[in-house]
Amino acid sequence: MPHTLVEKILLAHTDAADIAPGDIIMVRCDVVLANDISGPVAFRAMERMGARRVFDPQKVVMVADHFTPAKDAMSAALLRSLEEWCESQGVTFYGQGRGGIEHTLLCEEGWVVPGTVIAGGDSHTCTYGALGAFGTGLGSTDIAFCLAFGEFWQVVPGTIQVVFEGTRPPFITGKDLILAVIAHIGVAGGTNHVLEFVGAGAESLSIDERLAVSNMAVEAGAETGLFPADATTAAYLQGRTTRPWVAERSDPHAQFAQRVRIALDALSPLVAAPHSPGNVIPVEDARGVRIDQVYIGNCANGTLTDLRQAAEVLRGRRVHPRVRAIIVPATSSIYRQALREGLIDVFLEAGAIVSPPTCGACFGGHMGVLAAGERAVTTTNRNFRGRMGSPEAEVYLANAWVAASAAVAGEIVHPAEFLAEVRA
Amino acid sequence: MIFEGTALLIARDNVDTDVLYPGPYLNIVDPQQMKWYLFEGLDPSLRDRLREDTILVVGENFGAGSSREHVPLAMKAWGIRCLVGKSFARIFYRNCINLGLLAVPCREAVDAARDGSRLRIDTDAGVIEVDGRVFRMPSLPPFLLDIITCGGLEAWARRRLTTG
Ligand code: SF4
């Protein structure tokens with residue numbers, strides 16, 4: 001029987017002899033992840049399940065990233081409990097200043113390799129699809145079960161194949177590609193499915209760009225967004241990991257639920273206007289929208305690629321006097337590399353704030369939440385009402401070129417207005 | 001299993017878990033505390049309209065976005081035992097099942113319901129009654145029904161640990 005990529009991955013992680021979309025199976029995890037929000041809720045549930053120890057300490061990793069550095073005493077206590085739990089269970093813990101935002105971090109640190117299953121207590125665990133892994137977001141009770149037994153129940157998803165055709169014009173990034181997909185299939189179009197990204201336009205993407213694409217698969221309702229592993233994946237993993245992996249892809253005659261073609265040649269930079277990631281318009285249609293804040297960061301768009309793009313706009317320019325620009329390198333190592341390349345200097349010189357790696361205001365936690373009536377352009381993944389602060393605030397999602405250009409102009413503009421020529 | 005109750009309508013589509021339980025309150029771990037922030041970003045007055053027998057009746061793609069289990073935990077803390085929706089987002093749906101909270105997708109039943117409607121859900125017969133009108137609902141896979149019948153994944157896990 002021909003199988004899709006996700007079916008092959010799941011088959012290798014279950015006892016079932018064969019599987020088809022709709023089947024309910026138990027899936028074994030290679031990695032179980034949680035953070036300072038989902039972790040402590042899961043630990044309590046695990047205890048109530050009657051399990052005292054995790055199934056395999058080598059396969060469990062916890063990251064402090066949401067309320068870090070602690071925004072108040074309650075968050076500090078939460079972070080403390082996370083740390084103590086990790087110590088008592090003997091599992092890997094990335095504490096404050098020693099890691100960064102979980103999804104960028106786990107890729108960087110070699111936890112994620114193609115063909116594996118990663119259960120994460122965070123909806124953006126789908127980011128790991130960028131490396132060909134079935135990373136999928138689960139709630140705390142699921143995570144508790146994974147911690148205790150090393151597996152979770154799963155309805156075998158169908159596959160929506162997304163073919164990126166052609167080559168990207170300047171200023172088109174992974175962010176624009178996934179926004180185009182969400183615009184096409186809708187915010188619930190991927191429910192009970194995975195997205196699989198193929199075609200010349202997919203293969204041409206760097207891992208940073210792929211992270212941005214896979215990260216927002218959940219904004220289309222999908223369980224993950226898979227890039228079949230290729231030479232780019234192999235080069236990225238070289239030196240990062242000793243975990244074994246093989247490159248798999250869907251069989252030629254595998255059954256897809258749907259095939260979507262996205263032509264890249266004619267694509268404009270896209271923005272998702274308030275209050276839905278599915279409210280996608282070309283940047284030209286948002287031109288002139290006045291803004292108060294720019295936020296460049298988050299688990300998929302706080303990469304070195306994003307910081308370089310932002311720096312290219314901000315170099316020798318000033319953030320508009322009316323605007324706050326907050327830049328959040330996703331991990332400590334990205335931060336250090338940005339420092340080495342002089343990017344941090346560019347940001348500070350331009351009048352931007354450089355934050356430590358943290359989820360921060362991406363989910364409205366702290367470090368840059370918005371007041372009523374304020375409007376922001378961000379490289380994050382959700383612009384739900386109230387997501388970044390007041391329910392009366394507005395958020396436009398965009399790529400780092402667009403966000404940085406808006407910071408300078410004080411309003412949304414096409415980045416080409418600043419940069420005549422750009423490195424591809 | 002049979003659930004009976006009174007409908008509280010949240011008629012919009014794509015209601016996300018951020019508005020159902022906003023980010024700033026995610027540092028709470030006790031469901032009895034969580035419950036005071038349920039619906040906070042959507043309409044806090046919904047909390048005042050919850051009754052002992054409330055069944056939430058919701059639109060398409062309910063519970064989209066974040067995996068925060070605070071939403072169904074807070075619902076359970078208010079005594080909600082059942083939701084009927086046009087459709088549910090995947091992680092939210094899983095979380096409900098795992099907490100023993102029945103979430104039934106049935107568009108016709110949602111269209112027929114209004115605030116205060118009397119609902120009766122019979123999982124064995126696979127039907128929902130809305131003010132006496134009967135609608136067929138998709139049957140719950142036996143595996144998921146087993147988790148719900150146990151009272152959720154915690155109890156299901158305890159059973160697995162004790163029976164080996
Ligand atoms: S950066 Fe934002 S989207 Fe990513 S894990 Fe943190 S809160 Fe979630």
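Predicted model: local features only at pLDDT ≥ 70, side-chain atom pairs only at ≥ 80, totals over all residues.

Trainee: Which residue forms a salt bridge with Lys86(B)?

Mentor: The general idea is that side chains of opposite charge can pair when their charged atoms come close. Here the partner is Asp111(B), with the closest N and O atoms 3.3 Å apart. Asp111(B) sits in helix α5 (residues 107-112) of chain B, while Lys86(B) is in the loop between β3 (82-85) and α4 (90-98) of that chain; the two are 25 residues apart. Asp111(B) is exposed, at a relative accessible area of 56%.

Trainee: What is the setting of Arg68(B) and Asp18(B), buried or exposed?

Mentor: Arg68(B) is buried, with a relative accessible area of 5%, and Asp18(B) is buried at 3%. They form a salt bridge in which the closest N and O atoms are 3.4 Å apart. Arg68(B) belongs to the loop between β2 (54-58) and α3 (70-77) of chain B, and Asp18(B) to helix α1 (residues 17-20) of chain B, so the pair ties together parts 50 residues apart in sequence.

Trainee: How many salt bridges are there over all chains?

Mentor: A search of the whole structure gives 27. One of chain A's pairs is Glu248(A) with Lys8(A), at 3.6 Å from N to O. Their positions are 240 residues apart: Glu248(A) in the loop between α9 (231-237) and β11 (258-263), Lys8(A) in helix α1 (residues 5-11), both of chain A. Glu248(A) counts as partly exposed, at 35% relative accessibility.

Trainee: Which residues are linked in a network with Lys8(A)?

Mentor: Glu248(A) and Asp251(A) are linked with Lys8(A) in a network of salt bridges.

Trainee: Now the sheet. What is the strand order in chain B?

Mentor: The order is β4-β3-β2-β1-β5-β6-β7, an open sheet of seven strands with mixed pairing. The edge strands, β4 (102-105) and β7 (133-136) of chain B, each pair on one side only. Neighbouring strands are turned by 30° against each other on average, direction ignored.

Trainee: How does β6(B) run relative to β7(B), parallel or antiparallel?

Mentor: Strand β6 (residues 127-130) of chain B and β7(B) run antiparallel, joined by four bridges.

Key. Residues numbered from 1 in each chain as written. Chains lettered and ligands numbered in written order. Heavy atoms only, no water. Pairing = 2+ DSSP bridges. Axes fitted to C-alpha atoms, helices over the stretch in contact; angles between N-to-C directions. Salt bridge = Lys/Arg side-chain N within 4 Å of Asp/Glu carboxyl O. Buried < 20%, exposed > 50% of the residue type's maximum accessible area, 1.4 Å probe, protein only.
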